[in-house]
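Hello,

Here is the structure I promised to pass on. My notes follow below it.

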Amino acid sequence: MTVTSHRLYLPGSSPAHRVPAEVKIVCAVLTVFAVVATPRELFWPFGCYALGLVALWRWAGIPLRWIGPRLLIELPFVVLAVLLPFAAGEPRTTFLGLSLSTTGLYAAWGIVAKGTIGVGVSLTLAATTSVRELPGGLTRLRVPGMIVTIVVLMLRYVDVLLEEAARMRLARISRGDDPRTLRQAGATARGAGTLFLRSYERGERVHLAMLSRGFDGAVPDFGTLPATRTQWLLGCVPAAVAICVCLTAWVLR
């Protein structure tokens, strides 16, 4: 099985790209946990997280113009957060003539701040870690082989499905259809069903092809060396800083 780079991977030669995958995965998970555990009533910790992320992007050579559009994936959660100040209960406060729930405001701030930083951490991991590195990293973290296989194949073939959907849409447009109109909702639903059936059949063919080539249920790690103690210590510095910020926020709360 040939593993290629995912569209979220940003090729580079920065120190962040050279850190072993298992170190970056653990660092990202610990950082997200620290961000989620931070009290939402405080604002300065999230400023520290944001500054740290920007510094990390500059260090890793990830331009803001690459990160910005991909942060829009959290837009549905932002819409939900905007509604919370109007829907939550007492106590309430007045802002620009609007009666807003204080609890809802804090909840909205927590969703936006923690969600944005969490997505930023995930994008940093994706930008500096190729799909080729993932099997070895996950395996060395003792992740079950079946889960490793599912994750790697999902990342590998999501691009294939997107390209298939784009070809189907182009075929509809070339035949005079306009998928943007509401009356074509039925055709869009049938197209989604067809894409699902094609994906299922493609998955069966790929699995049979893998078995015929000796696939034993484990994705190879392509000979990547495990992380050293120094790489673990240096690679987890961002996570350690995030944990310290979180603990300090609870102490000063």
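Phe-86 sits in helix α5, which covers residues 75-87. This is a predicted model, so read every value below as computed from it.

Next, the annotation. UniProt, in an unreviewed entry, places "transmembrane region" features at residues 43-59, 71-88, 108-129, 141-158 and 232-252. I checked two of these spans against the model. Residues 43-59 are 94% helix and 0% strand. The end C-alpha atoms of that span are 25 Å apart. Residues 232-252 come out at 95% helix and 0% strand. Their end C-alpha atoms lie 30 Å apart.

Now helix α11, residues 237-252. How does its span compare with what 1.5 Å a residue should give? The 16 residues should span 22 Å, and the end C-alpha atoms are 22 Å apart, so the two agree. Ala-239, Ala-242, Val-245, Cys-246 and Ala-249 are buried in α11. They cover an arc of only 120 degrees around the axis, so they sit on the same side of α11. The buried residues of α11 pack against α2 and α3. Leu-247, Val-251 and Leu-252 are exposed, on the other side of α11.

Is Thr-38 buried or exposed? Thr-38 is buried, because its relative accessible area is 1% and the cut-off is under 20%. Its side chain makes a polar contact with the side chain of Tyr-49, at 2.7 Å. Leaving out residues up to four places away in sequence, Thr-38 touches Pro-45, Phe-46, Tyr-49, Lys-114, Cys-246, Ala-249 and Trp-250. Of these, Cys-246 and Ala-249 are among the buried residues of α11.

How many salt bridges does a search of the whole structure find? It finds two.

- Arg-140 and Glu-22 meet through their side chains, at 3.0 Å from N to O. The pair links distant parts of the chain: Arg-140 is in helix α7 (residues 134-140) and Glu-22 in helix α2, 118 residues apart. Glu-22 counts as buried, at 2% relative accessibility.
- Glu-41 pairs with Arg-253, and the closest N and O atoms are 3.5 Å apart. Glu-41 lies in the loop between α2 and α3 and Arg-253 in the segment after α11, so this bridge ties together parts 212 residues apart in sequence. Glu-41 is partly exposed, with a relative accessible area of 30%. Arg-253 is exposed, at 54%.

Last, Thr-228. This residue lies in the loop between α9 (185-212) and α10 (229-235). Thr-228 is partly exposed, with a relative accessible area of 42%. Which distance separates Thr-228 and Val-23, C-alpha to C-alpha? They are 9.7 Å apart in space, and 205 residues apart in sequence.

Best wishes

Technical notes:
Residues numbered from 1 in each chain as written. Predicted model: local features only at pLDDT ≥ 70, side-chain atom pairs only at ≥ 80, totals over all residues. Heavy atoms only, no water. UniProt positions renumbered as here; feature names shortened; annotations may be inferred. Helix = DSSP H or I, 4+ residues; strand = E, 2+ residues; numbered from the N terminus. Buried < 20%, exposed > 50% of the residue type's maximum accessible area, 1.4 Å probe, protein only. Polar contact = N/O pair within 3.5 Å; in protein donor to acceptor, adjacent residues only side chain to side chain. Contact = heavy atoms within 4.5 Å. Expected span 1.5 Å × (residues − 1). Arc of directions from axis to C-beta. Salt bridge = Lys/Arg side-chain N within 4 Å of Asp/Glu carboxyl O.
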